Amino acid sequence: MKLKSGLYVNEVGNEFVVLAEKSSIFKGMIRINKSGVFLFEKLQDGVSYDELVNALTEKYEVEESVARSDLDRFIKTFEDCGLIEDE
Amino acid sequence: MKTFQIACGNLIIEIHCIYEYTLKKCAKFISFGKIPDIVIEPMSEDYDVFKEKFKSSSAEYAEFMLIFSVLCEKVLKYGGVVVHSSVVAIDNKGYAFLAKSGVGKTTQTLLWKECFKDRAKIINGDKPLITVSDSKVYASGTPWCGKESFSECETIPLNALYFIERADENSAERMSSGETLKKLLNQFLIPHSGLEHTNKALDVADTILKNVPCFKLRCNTDISAVKIAYDIANCGGIV
């Protein structure tokens, strides 16, 4: 699983927004939190779903069910915006 | 063609326009003999676009708004953003009210003027220029100031920001940075395209979020709303 290229994170106040380098990729902004930045960076390089679940549970010391639920929400947001690369 | 300079914040802006209307609206801001930071000389094709956009208004008003749209783009380079808001200064400290049109920015501004009397000055009633410099945030009057024409050719430091919502009872609370960011960006008047523009605007938003306390102000039209808003920003200061 990989994010489309041309996306980057801009820090604004204590928030993080995802933007695209060109409006042809994406016109809006997606606000994410710090753990979202962690996921974003991994997805930029390409990573499997299970690898992401493991990375979240390890880094944030949360239960797998919590990690899956947060991850699913995160991925859905980016999928709905057309920002996950087709495999 | 008329050519003149105005001062907005610490920027000198040279304007080229066809109609007298813009010159008259800029009267309070006229400046002379300085080297301009920004030159606004709209192209004829832009005139056509704006005449169509404002076809229910006059050609001179369309030109006034065309010049405004160019200004909104050009100030970004100088760490400035035009923000849809009303700004009142009390003892030379600025308080900005943000909301969509019709919610109550002007009402609250006038209540503050009524409450604080000579201590209050309305810096701009509709589209002030917000600039940042060394982690400080400033609000400046502009000629684009709404139908009441409240504006001063002045710049003051911004002390607090209120996002207004209409309510039966008055209350105020500090907002989270997440909620503030979205509401703040909704009131930024920036060009629709250009990553560079967006990044510059986000830099301004970043400085605001880090340095200016932002509050949600639920309020009615009673003057008691003023004390609630002022106090939360000044920790129980004297109204």
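The model is predicted.

Take chain B and two of its helices. Helix α5 of chain B covers residues 177–186, and helix α6 of chain B covers residues 195–211. Their axes come within 11 Å and cross at roughly 135°. The crossing of α5(B) past α6(B) is right-handed. Which residues in α5(B) and α6(B) meet? From α5(B) come B:Ser177, B:Thr180, B:Leu181, B:Leu184 and B:Leu185. From α6(B) come B:Leu202, B:Ala205, B:Ile208 and B:Leu209. By class, this contact of α5(B) with α6(B) has seven nonpolar residues, two polar ones and no charged ones. An α-helix has 3.6 residues a turn, so residues three or four places apart point the same way.

Helix α1 of chain A spans residues 34–45, and helix α3 of chain A spans residues 64–80. Their axes lie 11 Å apart, and the packing angle is about 60°. An angle of 65 degrees is where the roughly perpendicular range begins, so α1(A) and α3(A) count as oblique. α1(A) passes α3(A) in a right-handed crossing. A:Gly36, A:Leu39, A:Phe40 and A:Leu43 in α1(A) meet A:Leu71, A:Phe74 and A:Phe78 in α3(A). Six residues of this contact of α1(A) with α3(A) are nonpolar, one is polar and none is charged.

Stay with α3 of chain A for one more residue. A:Val66 lies in this helix. Is A:Val66 buried, partly exposed or exposed? With a relative accessibility of 37%, A:Val66 counts as partly exposed. A:Val53 is 13 residues from A:Val66 along the chain, and their C-alpha atoms are separated by 9.4 Å.

Back in chain B, consider helix α4, residues 105–116, and its packing with α7(B). The axes are 9 Å apart and the angle is about 90°. α4(B) and α7(B) are therefore roughly perpendicular to each other. On the α4(B) side, the contact uses B:Gln108, B:Leu111, B:Trp112, B:Cys115 and B:Phe116. On the α7(B) side, it uses B:Ala225, B:Val226, B:Ala229 and B:Tyr230. Eight residues of the contact of α4(B) with α7(B) are nonpolar, one is polar and none is charged.

Just after α7(B), B:Cys235 takes a positive phi of about 50°.

Now turn to the aromatic rings. How many aromatic pairs does the structure hold over all chains? The structure holds 20. One of them joins B:Phe50 and B:Phe54 in a stacked pair, 6.0 Å centre to centre, with 20° between the planes. Both B:Phe50 and B:Phe54 are buried. Another pair, B:Tyr95 with B:Tyr230, is tilted: 5.8 Å centre to centre, 40° between the planes. B:Tyr95 lies in strand β7 (residues 93–98) of chain B and B:Tyr230 in helix α7 (residues 224–234) of chain B, so this pair ties together parts 135 residues apart in sequence. B:Tyr95 and B:Tyr230 are buried. B:Phe50 and B:Phe54 also belong to one aromatic cluster with B:Tyr21, B:Tyr61, B:Phe64, B:Phe68 and B:Trp144.

The last stop is a loop. Most residues other than glycine have a negative phi. B:Asp134 is not a glycine, yet its phi is positive, about 50°. B:Asp134 sits in the loop between β9 (129–133) and β10 (136–140) of chain B. This residue, B:Asp134, is exposed, with a relative accessible area of 69%. B:Ser135 lies in the loop between β9 and β10 of chain B. Its phi is also positive, near 65°. B:Ser135 is partly exposed, with a relative accessible area of 48%.

How values were computed. Residues numbered from 1 in each chain as written. Chains lettered and ligands numbered in written order. Predicted model: local features only at pLDDT ≥ 70, side-chain atom pairs only at ≥ 80, totals over all residues. Heavy atoms only, no water. Axes fitted to C-alpha atoms, helices over the stretch in contact; angles between N-to-C directions. Helix = DSSP H or I, 4+ residues; strand = E, 2+ residues; numbered from the N terminus. Left-handed = near helix turned anticlockwise from the far one by under 90°. Contact = heavy atoms within 4.5 Å. Nonpolar A, V, L, I, M, F, W, Y, C, P; charged D, E, K, R; others polar. Phe/Tyr/Trp six-rings, centres within 6.5 Å; stacked < 30°, edge-to-face > 60°. Buried < 20%, exposed > 50% of the residue type's maximum accessible area, 1.4 Å probe, protein only. Parallel < 35°, antiparallel > 145°, perpendicular 65-115°, else oblique.
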